[in-house]
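This briefing goes through one protein structure, topic by topic. Please keep the sequence and the coordinates at hand while reading.

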Amino acid sequence: MFRLERKHPLTVGSILGNMSAEAIATFESSLDEIGVELVRTTADEFASTLSPLLDAPTVGTSLPFETVSLPDSVDTDPSIADLEAAATGVTAAGYGIADYGSVIIQGGTDGEEPVSLYADEHVAVVAASDVLPDMDATFDQLAEDIRNGVGQSIIATGPSATADMGSLVTGAHGPMDVTVVLLEDK
């Protein structure tokens with residue numbers, strides 16, 4: 001198990017207070033619109049929920065939730081060759097953005113960015129209490145993160161896609177598939 005050490009000072013009294021069912025419903029709807037599956041789980045059911053989402057070889061980064069962890073089959077210290085060969089990458093998402101179905105991947109020493117980008121599928125784990133309603137709230141939180149010394153962040157919205165050379169191609173600059181696991185009781 002990993003101890004919860006938040007990278008940002010999100011508290012119950014901050015930005016949202018208690019996450020509303022409406023914001024979670026908006027997040028779910030936004031994810032559906034961009035072709036991203038949302039899987040809800042509790043801490044008790046996390047392992048059995050995550051397992052069928054992982055295609056080997058799987059790489060990942062430590063999750064910042066004290067009640068859940070990645071299975072031993074997930075390589076949390078991958079080499080460049082491991083990243084390139086990975087079918088699935090699992091990371092925590094610092095936040096979810098309800099209006100867009102986006103997740104914030106916060107860069108760190110564990111390699112969150114390459115783990116989220118190299119594998120064909122990215123599984124992002126976000127706590128329900130870390131889903132923000134909109135971009136205004138997200139930028140406010142990111143500004144607070146910067147003031148507190150948190151490093152860079154990526155706003156990721158769905159699978160990588162480009163039509164630069166004609167037809168739409170997924171997976172050109174990142175994952176072909178994205179699944180968001182919503183941890184309802186971290």
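The model is predicted. Five strands make up an open sheet with parallel pairing. The largest nonpolar core has 18 residues, and a second, separate core has 16.

**Sheet**
- The strand order is S1-S11-S6-S3-S2.
- S1 (37–41) and S2 (58–60) are the edge strands, each of them pairing on one side only.
- On average, and with direction ignored, neighbouring strands of the sheet are turned by 20 degrees against each other.
- Five bridges join S1 and S11 in the parallel sense, and Val39 stands opposite Val181 in S11.
- Helix H1 (residues 21–33) packs on the sheet and touches S1, S6 and S11. The direction of H1 makes about 145 degrees with that of S1.

**Thr179**
- Thr179 belongs to strand S11.
- The relative accessible area of Thr179 is 4%, so this residue counts as buried, the limit being under 20%.
- Leaving aside residues up to four places away in sequence, Thr179 touches Val36, Glu37, Val39, Leu53, Glu121, His122, Val123 and Ala124.

- In soluble globular proteins, nonpolar side chains tend to be buried together.
- Within the largest core, the residues that touch the most other members are Phe46, Leu63, Phe65, Val68 and Val125.
- Two or more residues of this core come from each of helix H2 (46–50), strand S3 (88–92), strand S6 (121–127) and strand S11 (177–183). S6 gives the most, with three residues.
- Val125 has contacts with Phe46, Leu63, Phe65, Val90, Thr91, Ala92, Ala93 and Val181, again not counting residues up to four places away in sequence.

**Helix H5**
- H5 (residues 135–147) has 13 residues. From first C-alpha to last, H5 reaches 18 Å, close to the 18 Å expected at 1.5 Å a residue.
- The buried residues in H5 are Met135, Ala137, Thr138, Gln141, Leu142 and Asp145.
- These residues lie on the same side of H5 because they cover an arc of only 155 degrees around the axis.
- Asp136, Asp140, Ile146 and Arg147 are exposed on the other side of H5.
- The cover over the buried residues of H5 includes strands S4 (95–97), S5 (102–106), S7 (131–132) and S8 (153–156).

Terms used: Residues are numbered from 1 along each chain as its sequence is written. This is a predicted model: local features need pLDDT of at least 70, side-chain atom pairs count only at pLDDT 80 or more; totals for chains, interfaces and linings use all residues. Side-chain values use heavy atoms; hydrogens and water are left out. A nonpolar core is a set of buried Ala, Val, Leu, Ile, Met, Phe, Trp, Tyr and Cys residues joined through side-chain atoms within 4.5 Å. Buried means under 20% relative accessible area, exposed over 50%, partly exposed in between (1.4 Å probe, protein chains only). Helices (H or I, at least four residues) and strands (E, at least two) are DSSP runs, numbered from the N terminus. Contact means heavy atoms within 4.5 Å. Two strands pair if DSSP finds at least two bridges between them. Axes are lines fitted to C-alpha atoms, for helices over the stretch in contact, and angles run from 0 to 180 degrees between N-to-C directions. The expected span of a helix is 1.5 Å times one less than its number of residues. The arc is that of the directions from the helix axis to the C-beta atoms.
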